[in-house]
Amino acid sequence: MTFDLADWRIQVDVEATRKLTTDNADDHCDCAYCRNFYETLPQTYPGLCVALSRLGINPMGPSELMPFTPELYLACYRLRGSILRWGKSQLAVGNIPIVLEDGEDGSFFLWAGEMALPWLQRESAQEVVSPANMPEFLERMRLIWLLRHGQEQIHS
């Protein structure tokens, strides 16, 4: 199926993307950070979840989930298909920036974030053992975010 997103055009195999992201959802991490994302995303950003679902993406099935802080997340979803036309427009759903990136083997990536989510876990976020508590990890995620948003087009 072909989708026009502002001046971008993408082709998505909706069923293959749905299977891929549903498989990811069935096998996701169970740390407090990830539980918080999965529990709060649908209530906090229902419009984003609907938009992702239209592309065949199960919002609970990111390929990568990166917490910048216990309440600020970046999610990466792999889609089966291709970017047919690279646009110059910055994409967003509501106030959530969306960045598209080329992939390999008939796929591409959709990055969604920064998503501010309330912390609803019993554990104190500062006491949870996670890479997200490490300054090196947070710096790496910050640099990745700057790289992804500092370019008009992300492709080879």
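Student: In the hairpin of E1 and E2, which residue takes a positive phi?

Tutor: Ala6 does, with a phi near 55°, and the hairpin has two residues between its strands. Strands (E, at least two residues) and helices (H or I, at least four) are DSSP runs numbered from the N terminus. Please note that this is a predicted model, in which local features require pLDDT of at least 70 and side-chain atom pairs count only at pLDDT 80 or more, while totals for chains, interfaces and linings use all residues. Residues are numbered from 1 along each chain as its sequence is written, and side-chain values use heavy atoms, without hydrogens and water.

Student: How many bridges pair E1 with E2, and in what sense?

Tutor: Four bridges, in the antiparallel sense, link E1 (residues 2–5) to E2; pairing requires at least two DSSP bridges between the strands. E2 is also joined by four bridges to E4 (residues 72–85), again antiparallel. Arg9 of E2 stands opposite Asp4, and its bridge partner in E4 is Arg85.

Student: Which residues of E2 are on the covered face?

Tutor: Trp8, Ile10 and Val12 are covered, whereas Arg9 and Gln11 form the uncovered face. In a regular strand, side chains alternate between the two faces of the sheet.

Student: What does Asp4 form with Arg9?

Tutor: Asp4 and Arg9 form a salt bridge, with the closest N and O atoms 2.6 Å apart. The term denotes a side-chain nitrogen of Lys or Arg within 4 Å of a carboxyl oxygen of Asp or Glu. Asp4 also meets Arg85 in a salt bridge at 3.7 Å, N to O. Because Asp4 lies in E1 and Arg85 in E4, this pair ties together parts that are 81 residues apart in sequence.

Student: Changing topic, which residues have the most contacts inside the largest nonpolar core?

Tutor: Phe37, Leu41, Tyr77, Leu100, Leu110 and Met115 do, in a core of 37 residues. Such a core is a set of buried Ala, Val, Leu, Ile, Met, Phe, Trp, Tyr and Cys residues joined through side-chain atoms within 4.5 Å. H2 gives the largest share, six residues.

Student: What do the buried residues of H2 pack against?

Tutor: They pack against H3, E3 (64–69), E4 and E7, where contact means heavy atoms within 4.5 Å. Buried residues of H2 include Tyr33, Phe37 and Leu41.

How values were computed: Buried means under 20% relative accessible area, exposed over 50%, partly exposed in between (1.4 Å probe, protein chains only).
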